[in-house]
Amino acid sequence: MCRIYTVQLFVAMVVLLRPSVVNSFQPLFVSDGNSTTHRHITQTAILRKTAEVCRDIAASEGREFSLTIDDTLSVSQVQMACSSDNSSSILSTVNFHTSIATMFFSNAIVDVVYALSEEHHFDDETFKGGRDVITTGVSAVKASVKDENYIAGRWTLGQVCHTLQDFYSHSNWVELGNNAPYNSLIKPDQTLTNLAGVDVQTCKNCTGDNCKNNILPDVLQQGLLTSGYFNIFSSEKPTGKCSHGGSFDKTSERDPVGGISKDKVGSSHGFLHKDAANVAVNATVELLEDIRIAVGDVPFLRLMGLSQSSVLCFVIDTTGSMSDDIAEAKRVSFGIIDSKRGTPQEPSAYILVPFNDPGVGPLTLTTNADIFKESINRLTASGGGDIPELCLSGLQLALTAAPSSSEIFVFTDAPAKDAHLKSTVTALIESSKSEVTFMLTDVLSSHRRRRSSQGVITRALGQSDAQLYRDLAQASGGQSIEVTKADLSMATSVIEDSLASAVVTIFQVVVNPGRNNNFTFTVDDLTQNLTAYVTGDSSLSFKFTSSTGVSQASKETSGPLASITTAGNLRRLSIRTDNETGIWQFSVTSDSPYSVKITGQSSVDFIYNIVEEHGGAHGDFSLKESRPLSGGNATLMVTMTGSNTVTVTDVSLLDDSGPTQVNGSIQWMGSGDYLVTFREVPSGEFVLLLKGEYSNSTSRSTRTSLLRQASTQIKTSSILVTAQVNNTNIEPDSTVTIPFTVATASGGVVNDSATGTFTIRATNDRSYTLSFSTNLIIGAGDGGKANGSISLSVPSSALSGTDVTLTIEAENTADNDINYTILRFSVALKVTDVSGPTCQEVNTSGNCSSSSSFLCSSSKWEFLANFTDGINGTGIERITLRQGNGTLNTSTAVGTAGENITVVTYSSSCCSQSVQLIAVDKVGNVGSCVGQVRAVTTATPVISTTAANNTTSTGGHGLSISHPLVVWMGVFISVLLKYTH
């Protein structure tokens, strides 16, 4: 066991020190300007398949769909074409962009997490192992979608796509003359054929740098499938086998030298790079279609993130004094649901996390508004005698359940009993970029809690207790709203504001300690419906002035620029811009802490992700799930959304406490993407500001300024925390070990001579058992770093599709410095049912031969078929119409071997003369059946039967089984097909 762990840790250290040693399509960016990346392949396939699904839905609903579907689609084009909203609401593509980014970042991380795994890259002729990676991952994706856990589904899907795409870059599939995908890779019940045996030589030496003809003619003539061998440590490989190639591949230095990689134009077989990339796009589309058929059209679009609206997410204290707060949460959520149901502005999902002490949850995560209503209706206020509650545990669960950039609302009137989770919650906020707004009721004005006449401390929030919530709100870009229970209903308008379409942040600042200050912000004509939120004590006053010099003071509740409402510490300003674009001023007078936040509605916004540059064969970037290093460089990938005319002119990090501003150098990467690099970022807590220019509609020659601000703070640290896992798919009733490394950095690089003692914390959102040492010591001579490990035990009750978020933190208490890394796992039950349901046509009756197009509705035809998943299958979960406009009825029977039979009857007018049925079993395997009307048929005699009958109708009248000989013949043939497939 010690030897296994030592090898595992050694491999992890190699990967961490040089993470991009594995060749594949470039993960995110290319330097040659001609090669295609995993990011491009993945995004192209997602946009194509999403557009196809939207086209099919539009056709079924009788709506027009005018978009031309090809490989040049943009996110905005697909979002616009898929929108069925005919209102004047503003369209946002942020959710779609963010979801696609999640998938291509998880795709890119395969080159880091699985750097030395042959199966994940189809190296070393590991075709069965590679397919197992794909099919296991696809099963996990389908299970996640079934549970409406779309975040986990996206993360797993991106990784699956990487392995699938690498097949076409690393094998000789394209060299064999294939220009279509190898669909057996996504069908585990099909045999992988014509594989080159281990003793079959496949390559000869390249001629210098020319590897165009290095695959042996016999291999090509016989159509044998091979892939290149790859190893960064050893040149050993079987005699005569092809290598991957490239400077990091030691096997390519041994005969036969060279390689067959098509990763980029400059690779050994780079002359086929474009062909491999094109087939990889089509293969990814085929994979997405398999998932689409298994999960259904609407869930598939949710998996892709095609949504204009945010989630509605509540974390609610359910202890005895919270009855009024719970009632208000019900009122405002029911109002939102009832007013937005069925519209594009309806929340994309509903999340509810109740908490008290000692309980947290259960988590409700659903796209069904009625289920959310039922869950929140069941909440009752009770208990809570010891005052502090598990607020941060509830918030932790919500942060990992909600999509990125969500807004989460926390209702409580009590201190947090689990304040030790503050750094964990902060890490999840920074990673998810979600805003957290606290609705705090009955906060005391002093730091001491009141006592009742009996001397018992009453349930109320003191100032020090409330400060914890204020800190978390500030870190997230949310707000800490403090009101009496009687005034809570006046403050919950911020919840309705957050669910408006396309909300963007124009300006935000928190000033603590308080001081008088003048702020400026830019109003552009692409933004509508400005709203300002000011929090502070009752003595605070302010004045704001438009770009034309019109002013209004805070004492004017209805003035020339805004209407102002007050609830507790919150002032809400509904601003009337009247097209007064340009620079506005906002002046605040206060000696106490305060915050100012200004939002609007606009289709133009941006998303960002912190990325980490690495060397190796690619010299590319991957997602960084931790804080940037103090004094070092930080790189962000920034994507503009909603416009192709906005030019980014300035991106900066601003720390108001200094004040300190770090300007980034901007590199345009095409299609609205920018790489922004900040040099020598000092220690601090920063917000990200973006400035841009665009040509307005009235004057193309005049450039108009635009300002946007990210809500979440970006903090730096002098601690580096890295972790490595062998597999992110975990099985129930298993234990996984995660090695990690903690290092001390100076000036952005590891300080080899540093020493120190670190407190280690590890938490996960599923409360699975963790085992680890809580202290880690870097001693003299350790090279400035120390290694540790964490064991995560998955219970046998864990359901397939469940996601697990593990946060590992290291704290230097002497320097008050913390950093973290975040790992995501998906529970994947080993699937033994890999065959889809089988279908046997039983009978087709009716005659449409004489039906003209004008009289077709007066003639009918009927199609009868049997579906079975066999004795050992998981069972058929649903049968749907893929093609056809008729009526589908189903009933069940039991076959002679005890297998379940689903009898399907489809009836239609002769206006629709063909049908395709889709059957999906309980693990997402898909079977299909096609029927078509015949010109002349002889009907089968009708004989009564005593077969078991459980009729389910999906349209028209119910069907009872009345064709026994036909049914039993169909049963026999279906079972025979199932076991001889």
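## A buried cysteine pair

Cys 848 has a relative accessibility of 7% and therefore counts as buried, since buried means under 20% relative accessible area. The model described here is predicted. Cys 910 is also classed as buried, because its relative accessibility is 3%.

Cys 848 and Cys 910 are joined by a disulfide, with 1.8 Å between the sulfur atoms. The torsion about this S-S bond is -75 degrees, and the link is left-handed.

How many disulfides does the count come to? The count is six. One of them joins Cys 54 to Cys 82, with an S to S distance of 2.1 Å. The torsion about the S-S bond of Cys 54 and Cys 82 is about 110 degrees, so this disulfide is right-handed. It links distant parts of the chain: Cys 54 belongs to helix 2 (residues 38–60) and Cys 82 to helix 3 (residues 75–82), and the two cysteines are 28 residues apart. Both Cys 54 and Cys 82 are buried.

A further disulfide is formed by Cys 206 and Cys 211, whose sulfur atoms are 2.0 Å apart. The link of Cys 206 and Cys 211 is right-handed, with 110 degrees about the S-S bond. Cys 206 is buried, and Cys 211 is buried too. When the bonded cysteines of the chain are numbered in sequence order, the pairing reads 1-2, 3-6, 4-5, 7-12, 8-10, 9-11.

Cys 161 has a relative accessible area of 2% and so is buried. Cys 391, at 1% relative accessibility, counts as buried as well.

Five strands make up an open sheet with mixed pairing, in the order 27-35-34-30-32. Its edges are strand 27 (729–730) and strand 32 (775–778), each of which pairs on one side only.

Within this order, strand 34 (residues 803–812) and strand 35 (residues 817–827) run antiparallel and pair over ten bridges. Which residue of strand 35 is the bridge partner of Val 804? The partner is Phe 825.

In soluble globular proteins, nonpolar side chains tend to be buried together. The largest nonpolar core of this model holds 104 residues, and those that touch the most other members are Leu 157, Tyr 168 and Ile 738. Helix 9 (residues 273–295) contributes the most to this core, with 13 residues.

Leaving aside residues up to four places away in sequence, Leu 157 touches Met 103, Val 141, Leu 287, Leu 288, Ile 291, Leu 303 and Met 304. Apart from this core lies another, of 35 residues, which includes Val 311, Leu 421, Phe 438 and Ile 822.

## Aromatic rings

How many aromatic pairs are found in the whole structure? The search finds 19. One of these pairs is formed by Phe 314 and Phe 411, which are edge-to-face, at 5.2 Å centre to centre and with 75 degrees between the planes. Phe 314 lies in strand 1 (residues 312–317) and Phe 411 in strand 4 (residues 407–412), so the pair ties together parts 97 residues apart in sequence. Phe 314 is buried, with a relative accessible area of 0%, and Phe 411 is buried with a relative accessible area of 0%.

Phe 544 and Phe 586 form a stacked pair, with 5.8 Å between the centres and 15 degrees between the planes. This pair also links distant parts of the chain: Phe 544 is in strand 10 (residues 541–545) and Phe 586 in strand 14 (residues 582–589), 42 residues apart. Phe 544 counts as buried, at 0% relative accessibility. Phe 586 is buried with a relative accessible area of 1%.

## A cluster, and charges over rings

Phe 122, Phe 127, Phe 167, Tyr 168, Trp 173 and Tyr 182 make up one aromatic cluster. Tyr 168 is also among the residues that touch the most other members of the largest nonpolar core.

Two charged residues lie over ring faces. Lys 373 is placed over the face of Phe 334, at 5.1 Å from the ring centre. Arg 824 is placed over the face of Trp 155, at 5.7 Å from the ring centre.

Methods: Residues numbered from 1 in each chain as written. Predicted model: local features only at pLDDT ≥ 70, side-chain atom pairs only at ≥ 80, totals over all residues. Heavy atoms only, no water. Disulfide = S-S within 2.5 Å. Helix = DSSP H or I, 4+ residues; strand = E, 2+ residues; numbered from the N terminus. Buried < 20%, exposed > 50% of the residue type's maximum accessible area, 1.4 Å probe, protein only. Pairing = 2+ DSSP bridges. Core = buried A, V, L, I, M, F, W, Y, C linked by side-chain atoms within 4.5 Å. Contact = heavy atoms within 4.5 Å. Phe/Tyr/Trp six-rings, centres within 6.5 Å; stacked < 30°, edge-to-face > 60°. Lys NZ or Arg CZ within 6 Å of the ring centre and 35° of its normal.
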